[in-house]
Amino acid sequence: MRSLQILGSKKILVSFVILLAYVLIGMSAPYIAPYDPNEQHYQDAYKPPFFTSGDWRYLLGTDSLGRDIYSRVLYGARPALFVGVVGAFFAALIGVSLGIISGYYSVRIGEVIMRLVDIWLSLPAVVFSICLIAVLGIGLGNVAIAVIVIDWTRFARVVRSEVLNLKEREFVLAAKAIGMSGFGIIRKEILPNLLPLLTVLFTLEMSIAISVEVLLSFAGLGVKPTEPSWGSMIAEGLTYFRTSFWGACIPLIAVIIIILALNYLGDGLRERMDPRLLVIR
Amino acid sequence: MIRGTYVIKRLVAAVLSLFGVATIAFVLFRIVPGDPARLMTAPGIKAEDIERLRASLGLSDPLHIQYVNWLSGLMHLDFGRSYWLKAPALDVILERLPATLELVFASIIIATVLGVIIGVVSVMKAGRLSDKVATSASFIGFSIPDFLWGVLFVIIFGGLLKLLPVSGRIDPAISLKPVTNFMVIDSILQVNFIALQSSLTHLLLPSLALALGLIAIIHRTLRSSLLDILQEDYILTDRSKGLPEWYIFFVRAFKNGALPVLTIIGVQISFVIGGSVIIELIYGWPGIGTLSLISVNRRDLPVVQGIIVIYSLITIIINLAVDFLYTKLNPKITYG
Amino acid sequence: MNRDSSLLEVKDLAIHFPTSRGVLKAVDGVSFDLKYGEVLGLVGESGAGKSVTGRAIMKLVPPPGKIVSGRVMLEGIDILTLRDEDLRSVRGKKVALIQQDPLSSLNPVFKIKDQIMDILKLNLGLSHQEAYTIVADLLKEVGIPDSATLLEKYPHELSGGMRQRVCIAIAFSCTPLLVIADEPTTAVDVITQLQIIQLMRKIQREKHTSILFITHNLALASKICDKIAVMYAGRIVELSLTKKIFESPIHPYTRALLDAVPRYDAPERLQPIEGDAPNLIDLPTGCSFYPRCREHQSTCLTIRPSLLEVKPDHYVACQICNIL
């Protein structure tokens, strides 16, 4: 049992440090990046990273337009984390609110909302988000909106079933008995008990939101073409992957690390916070 | 017939879902900035001509008339005419549909087979190293989104190792008569082994990329459900009867363990289908995914709306199939 | 089949369960014999080790439990030393198991016919037709005349009593020498309980099967058992003919048990047994009943009593009782 605890917190610790590192990098990119991410050096295009080319000027090489990949990767954290945080936050807000409403109040409203969720879920998420971007236009804010519109259902479903559970627990029934208002009960009894679950869901949602940003930018529907993003870097790198795969590989690795970190963080939190959900070891 | 009413209820729910989807598809593009007519014409065309084009496309009719036309068209399987391709939208979509279906079905088959095998191995070696490795691999397979796997495979197998093709459905040099438009099936039907090999190698990477997430989920679900079931009393009964262990595991326990796996496959289907869009983009796969990207760009409304409806239809049909399979396997469920 | 020879001889059986708090000694040195056609009751409270003992006879102790010592001699062969393939020819055919809850002991997704005929077809190699005839007769014997419809049903479609009859039929289908009945009536109502007991008695007499009847209900045991072994904290404390156990119980635990059972002819207040259930991880040295015994003496703490024949055919594990 004890080793499980240590392992749980090791997961959390390492993942959180990685997340923190990414946030710091994203925020400080303009100060620590050696080059402007859009600066082109035609004569130095397609260079591989320094351990292959020996050229220390471009640590991780250059892309097809001679832009420094290292700087672009650093800058690429910004759109990803922006969408990750903003998208996850508002998706949580809407999803949790609807989940609580449909779980706590009348069964009929709950059923209607769940029907809506079902229909929503049968929509092809990717196609729908592409259409949304087509409607709203390219841009990070719209990417975040796409995340929110598509993925609020994740929170709604889980929160609803958890609220249904909590509703029958003693402390809620006790609060009702002393005449606490519905809203008060939600605020004081239900929400605090939802927090562990919400934290876990939030980290997972962040990882999904980042995936969406990368995906849309990859398809040219995310950031504006002038802004560096891991997704657009991967797309660009794929165009010449036969000559040099580093152009696509580096941003790919950057994305994979943060996504895995967020997932491990969620997993570690889940193990720590609710013993019921412990994975069979 | 109890089973009959269940079937009807599910079908009605499915049809209602489709209506909801069709409506959303319709509404979405009527609030669009970006006039399809203008996109189709060269700049400098006179305003009246653009207006005439719009009228001919039915875009200047009042909204509710357009909606009614759209819905009634749907019921006659008329999705309208593509603005760009000068053909009925449905035909345009159906031409490319087999490619997407082949990809999606291949992914589901690969995921089920591999997921079950790895799940069974994990159960038999529970707690040992191979199980721990499988579980970690599952975690990674599940966490990383399918399109990133797609890119990774292109880089590794196409760029680094140069083992497998990463573009298209088949070697363009091979000539194959399109009968069903399913490359694999057509190759088998025409007994063309070169075509079969080529279509399979082209299918491998994209469908594997799509399948990885599902493999991980199947592995995890099967493992935990089988481990629970093996502790059940009825398994003890079977052991006390002296039945062979392989029979107890693969027949008696497995049928029980497969049920939650089936449920989870149903849930994940829409994600597989959604992921296929970008995978098609990465692998140059000529399916409705790439068609949707192109059509959205061109504001080819009938095609886009049609694709949204078709995607939902596929999801709903596969879900229904999974549900019915579930009722066949689980005798406790015979009505909704 | 010699009437007086032993079908089953259990010698010094010990079964331990490793737990995070220490080793739990579920069975701590149990020995008894069972003759052909005899019905022996294994009676005790929950946790006394009776179910685990029953499982051990088929070498089906649930993990993490381990049989650490002892021998289980079935017709002269030690079951515990058999390999899996040989064990499978013993299970179901020589020894059968009836479990407590017939709903959970039947596989919910397979029809009854699959679960009854499987031993006959898979292990005895009978054809479908042969197995079907046997099963139909069997079901008639357990009181289900219309087998055709029943066989096509699923377990959840039957009543509790029918399910238990099916389990009994399954157990007796290969005419085993020994049936281990682990609390077979606990999950059914009282009326069905009596029916089940009568049914088992009938079949037992007809087929001359031995039964190891595991229960916490002493009164129930008296209705079917020829002999009764009383277990406490993983050990047998008293073993004798049923009549003698009820008429002249010797061990303080047995006597306390009888006092705790409501009797229509002695309606005085019930006398519950004082004290807590024994901690099987940390058993006291000496007699394990010591903390709750009304008649204990200081010597009971130091010496562990063995099961001795205090009177003809009457075994007791108690220091004081030996002296008497």
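Predicted model: local features only at pLDDT ≥ 70, side-chain atom pairs only at ≥ 80, totals over all residues.

Q: At what angle do α5(B) and α11(B) pack?
A: About 120 degrees, with the axes of α5 (residues 89-124) and α11 (residues 245-282) of chain B 10 Å apart. That makes α5(B) oblique to α11(B), oblique being what is left after under 35 degrees (roughly parallel), over 145 (roughly antiparallel) and 65 to 115 (roughly perpendicular).

Q: Which residues of α5(B) and α11(B) make the contact?
A: From α5(B), Thr100(B), Leu103(B), Val104(B), Ser107(B) and Ile108(B); from α11(B), Val272(B), Ile273(B), Ser276(B) and Glu280(B). Contact means C-beta atoms, placed from the backbone, within 7 Å. By class, five of these residues are nonpolar, three polar and one charged.

Q: OK, switching to chains B and C. How many residues does each put into the contact?
A: Chain C gives 24 residues and chain B gives 19.

Q: And which element of chain C gives the most to the side that touches chain B?
A: That's α3(C), with four residues. The elements giving two or more are α2 (84-90), β6 (95-98) and α3 (112-123) of chain C. By class, that side of chain C has eleven nonpolar, eight polar and five charged residues.

Q: What about chain C overall, how many helices and strands?
A: Twelve helices and twelve strands. The radius of gyration of chain C is 20 Å, close to the 20 Å that the globule rule gives for 324 residues, so chain C is as compact as a globular protein of that length. The rule is 2.2 Å times the number of residues to the power 0.38, and the radius is taken over C-alpha atoms.

Q: How much of chain C counts as buried?
A: 43% of its 324 residues, where buried means 20 or more other C-beta atoms within 10 Å of the residue's own.

Q: Why is α1(C) largely enclosed by the rest of the structure?
A: Eight of the eight residues of α1 (residues 50-57) of chain C are buried, including Lys50(C) and Arg55(C). After α1(C) comes Lys59(C), with a positive phi near 55 degrees.

Definitions and conventions:
Residues numbered from 1 in each chain as written. Chains lettered and ligands numbered in written order. Axes fitted to C-alpha atoms, helices over the stretch in contact; angles between N-to-C directions. Contact = placed C-beta atoms within 7 Å. Nonpolar A, V, L, I, M, F, W, Y, C, P; charged D, E, K, R; others polar. Buried ≥ 20, exposed ≤ 12 C-beta atoms within 10 Å, placed from the backbone.
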